Amino acid sequence: MQEKKELIFLDPVCMHNIWGGRKLREEFGYPVEGNDIGECWGISAHPEGDGVVRDGIWQGKKLSEIWEGHPEVFGNLQYDRYPLLTKIIDAQDDLSIQVHPDDAYAREKENGSLGKTECWYIMDCRENATLVIGHNAGSEAELKEMVSEGKWQELIREIPIQKGDFIQIDPGTVHAIKADTLILETQQNSAITYRLYDYGRLQNGKSRELHIDKSLDVITVPARNPEECVKSVNGLPENTLNQLYSCEKYSIFKIDVNGKASFEQKYPFLAASVLEGEGNVAGRQVHKGDHFIIPCGYGTVEMSGGMSLILSTVDSRGAC
Ligand code: ZN
């Protein structure tokens with residue numbers, strides 16, 4: 001079994017989006033053509049973008065195949081699929097305003113899919129940047145009225161953000177990032193999104209499809225206070241695995257390595273993404289844009305160099 005305890009580096013799957021740009025290719029070095037690259041699915045076992053292992057004993061295998069065939073790598077969890085999806089998103093234009101269902105709604109209405117709880121770490125944004133989170137309707141009736149009358153300016157709630165903010169987006173939360181925002185998103189392994197409003201934009205002369213009825217079904221009214229969803233996580237202690245957030249769906253950590261760091265891998269697995277800088281993990285060189293999984297039972301993880309990583313895992317509902 002010892003030989004299975006190696007880090008699993010994945011080749012990400014990049015996506016073309018009308019709001020995408022060049023940063024993921026030019027700054028992160030992902031080998032993908034086009035100037036409309038919006039998303040890098042760094043750690044994904046989703047059928048629309050199943051990551052492939054770059055090297056080592058699992059070379060060439062898809063993440064979903066390792067999950068199916070070797071559940072011990074992930075701590076023998078009681079989930080029917082790899083539970084998370086880690087993305088880097090580069091928005092060069094405003095994204096449409098969206099909302100996601102929870103597990104119960106998605107299971108019933110979306111063919112057994114998972115719902116989508118997600119969270120964002122703001123890797124970069126411009127000065128005085130904002131994003132959309134929540135809305136200003138006080139009741140379901142008021143929400144319906146504002147939507148049907150197109151009172152978007154009044155309805156949509158925008159809040160200021162800065163680099164280093166962490167934002168939790170529960171199902172039912174209206175949300176969108178705006179132009180010039182780079183984020184690391186950790187979410188449930190699901191692609192179910194309802195588009196509420198697209199700023200009236202046209203794509204090839206047509207507006208993109210909206211999902212008003214489903215959006216109204218799932219939007220939480222009233223919205224949570226923004227202070228409950230957004231926190232700055234700047235200035236954390238260096239060389240320590242700092243927990244940023246934990247909920248039923250995931251736990252999120254950040255480590256800023258400056259010199260040497262080590263911690264125990266005591267979780268079912270850890271999905272790690274290098275946000276900036278470079279260094280060494282367990283004898284391997286890593287740099288900005290690398291994504292890897294630290295398997296169950298790995299033991300002590302040694303890191304060195306100058307770099308920042310976001311890591312995620314899920315509740316251990318199985319034996320490790
Ligand atoms: Zn979303």
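**Figure 1. Asn-204 in the loop between β15 and α6.** Asn-204 is placed in the loop that runs between β15 (194-197) and α6. The model shown is a predicted one. Phi of Asn-204 is near 50°, a positive value in a residue that is not glycine. Most residues other than glycine have a negative phi. Asn-204 counts as exposed because its relative accessibility is 76%, where the cut-off for exposed is over 50%.

**Figure 2. Asn-76 in the loop between α2 and β7.** The loop between α2 and β7 contains Asn-76. Phi of this residue, which is not glycine, is positive, near 50°. With a relative accessible area of 34%, Asn-76 is partly exposed.

**Figure 3. Helix α6 and Asp-213.** Helix α6 comprises residues 212-218, and Asp-213 belongs to it. The relative accessibility of Asp-213 is 63%, so the residue counts as exposed. Between the C-alpha atoms of Asp-213 and Leu-196 the separation is 9.0 Å, the two residues being 17 apart along the chain.

**Figure 4. The cis peptide bond from Val-221 to Pro-222.** Pro-222 is located in the loop between α6 and α7 (226-229). The peptide bond that joins Val-221 to Pro-222 is cis, and its omega is near -15°. Most peptide bonds are trans.

Figure 5. Leaving aside residues up to four places away in sequence, Tyr-82 touches Ile-43, Ala-45, Leu-63, Trp-67, Phe-74, Asn-189, Phe-269, Ala-271 and Ile-293.

Figure 6. In the chain as a whole, 55% of the 320 residues are buried. Of the contacts between residues at least 6 apart in sequence, 74% join residues at least 24 apart.

**Figure 7. Context of the close-up views in the chain.** The secondary structure comprises seven helices and 22 strands. The C-alpha trace spans about 60 × 40 × 40 Å along its principal axes. A compact globule of 320 residues would have a radius of gyration near 20 Å, and the value of 20 Å for the chain agrees with this.

Technical notes: Residues numbered from 1 in each chain as written. Predicted model: local features only at pLDDT ≥ 70, side-chain atom pairs only at ≥ 80, totals over all residues. Heavy atoms only, no water. Helix = DSSP H or I, 4+ residues; strand = E, 2+ residues; numbered from the N terminus. Rg over C-alpha atoms; globule rule 2.2 N^0.38 Å. Buried < 20%, exposed > 50% of the residue type's maximum accessible area, 1.4 Å probe, protein only. Contact = heavy atoms within 4.5 Å.
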